Amino acid sequence: MFAQLKKFIYAPGVSGDEGNIASVIAADIAPYVDRVYTDAMGNLYAFKKGTGKHPKKLMFAAHMDEIGFMVSFIDEKGYLRVSKMGGINFNAAAFSEVEFQNGLRGVIVPDARTAAKDFRPEVFYVDIGAKSKKDAERRVKIGDTCRVAPKLIRLAGSRVAGRPIDDRIGCLMLFEAAKTAKVYENDVYFVFTVQEEVGVRGAKTSAFSVAPDYAVAVDIGGAGDVPNCAPFEVVLGGGIAVKLKDGMVICHKKMIEAMKSVADEENVPIQYEVLESGGTDTCMLQQAAGGCVAGALSIPTRYGHSAVEVVDMNDVAGGVRILAGLCGTRFE
Ligand SMILES: [Zn+2]
């Protein structure tokens with residue numbers, strides 16, 4: 001799975017600019033499903049017809065987009081000001097290498113006289129090494145997007161670090177589930193959504209168009225096993241986390257139960273996640289059209305939205321088996 005994750009991570013896809021990652025996923029998943037298509041917003045769907053007597057519409061969603069920046073202004077000296085796309089942690093992004101869609105490289109840095117405690121989006125600029133505004137304009141234009149450079153490294157045991165693990169790891173889980181599911185009791189829609197990081201926008205339209213009976217979003221969660229963190233039950237390596245609630249959703253008990261019984265059957269460890277705030281695509285899946293039975297799997301993750309997000313691939317593998325098991329679950 002490491003090589004496949006790396007492939008998904010290296011394909012760029014800042015919110016609103018997901019074409020590149022979408023085409024990579026589309027090509028890779030096509031052999032395992034019946035149909036691959038996109039919609040007006042750019043959401044990518046991979047559909048597999050169920051063979052059950054009374055198939056339900058089951059939708060899985062993982063977002064393809066990642067946090068990043070959009071060029072908003074080029075100054076006389078050729079430095080770029082950027083608008084943030086999604087929840088950028090500027091303390092984490094400061095002094096990083098950035099990469100544009102066309103491969104151009106730069107660095108994102110704060111104004112020289114700004115102390116770390118005063119980091120705000122407005123004090124940051126991107127230096128692409130241009131000598132002047134004209135020189136810069138030959139290489140980038142207003143509206144181009146860039147991201148902190150992608151990376152994936154192996155840590156001890158089954159752990160990996162890099163970016164954007166959020167949420168290419170979820171995309172990987174959907175892909176692996178499509179690849180390994182043996183029984184399709186349900187009509188399954190593997191949906192790779194756009195613009196999650198700027199407000200779960202692609203999930204809203206894709207869930208409306210699928211109108212699922214059952215839905216599961218897959219995204220990164222937190223981890224309560226790092227020094228000095230707030231009390232939090234979920235730990236890395238403890239198994240995939242089944243979401244109970246976050247700031248935007250209360251998951252349906254029926255879906256929580258369905259996940260638990262697949263996990264028991266497959267002998268896969270799970271943990272339960274209760275988040276005070278925040279949200280993922282799940283809330284939109286739940287509320288689309290007349291609503292559906294929705295739940296979520298969260299990959300325990302340290303240092304989310306930094307360039308060194310850390311996950312345990314054993315948690316990921318367990319999550320894949322739960323998704324594959326749901327494909328073959330007969331919902332009553
Ligand atoms: Zn995410």
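**Pockets**

I looked up the second largest pocket of this predicted model and found about 260 Å³ of space in it. Its lining comprises 14 residues. I noted Val262, Glu265, Glu266, Ala324 and Gly325 as the ones nearest the centre of that pocket.

I then turned to the largest pocket, for which I recorded a volume of about 510 Å³. I counted 24 lining residues there, with Ile220, Gly221, Gly222, Leu275 and Ser277 closest to the centre.

**Domains**

I consulted the domain assignment next. Domain 1 takes in two segments, 2-66 and 164-327, while domain 2 covers 69-148. I noted a separation of 31 Å between the C-alpha centres of domain 1 and domain 2.

**Interface between the domains**

I looked up the contacts and found that 17 residues of domain 1 touch 12 residues of domain 2. Between them, the two domains bury about 1,000 Å², and carbon and sulfur atoms account for 50% of that area.

I recorded six residue pairs in polar contact between domain 1 and domain 2. By class, the face of domain 1 that touches domain 2 has eight nonpolar, five polar and four charged residues. I found one salt bridge between the domains. I also noted the salt bridge joining the side chains of Arg147 and Glu66, at 2.9 Å from N to O.

How values were computed: Residues are numbered from 1 along each chain as its sequence is written. This is a predicted model: local features need pLDDT of at least 70, side-chain atom pairs count only at pLDDT 80 or more; totals for chains, interfaces and linings use all residues. Side-chain values use heavy atoms; hydrogens and water are left out. Domain bounds come from an automatic or database domain assignment. Contact means heavy atoms within 4.5 Å. Buried area is the accessible area (1.4 Å probe) that two parts lose on being put together, summed over both. A salt bridge is a side-chain nitrogen of Lys or Arg within 4 Å of a carboxyl oxygen of Asp or Glu. A polar contact is a pair of N or O atoms within 3.5 Å; within protein, one must be able to donate a hydrogen and the other to accept it, and residues adjacent in sequence count only if both atoms are side-chain atoms. Ala, Val, Leu, Ile, Met, Phe, Trp, Tyr, Cys and Pro count as nonpolar, Asp, Glu, Lys and Arg as charged, and the others, Gly among them, as polar. On a 1 Å grid over the protein atoms alone, a cavity is a set of points where a 1.4 Å probe fits but cannot get out, and a pocket is an open set with protein on both sides within 12 Å along at least five of seven lines; lining residues have an atom within 4 Å of a point. Grid points are joined across faces, edges and corners, and a volume is the space filled by probe spheres set on the points.
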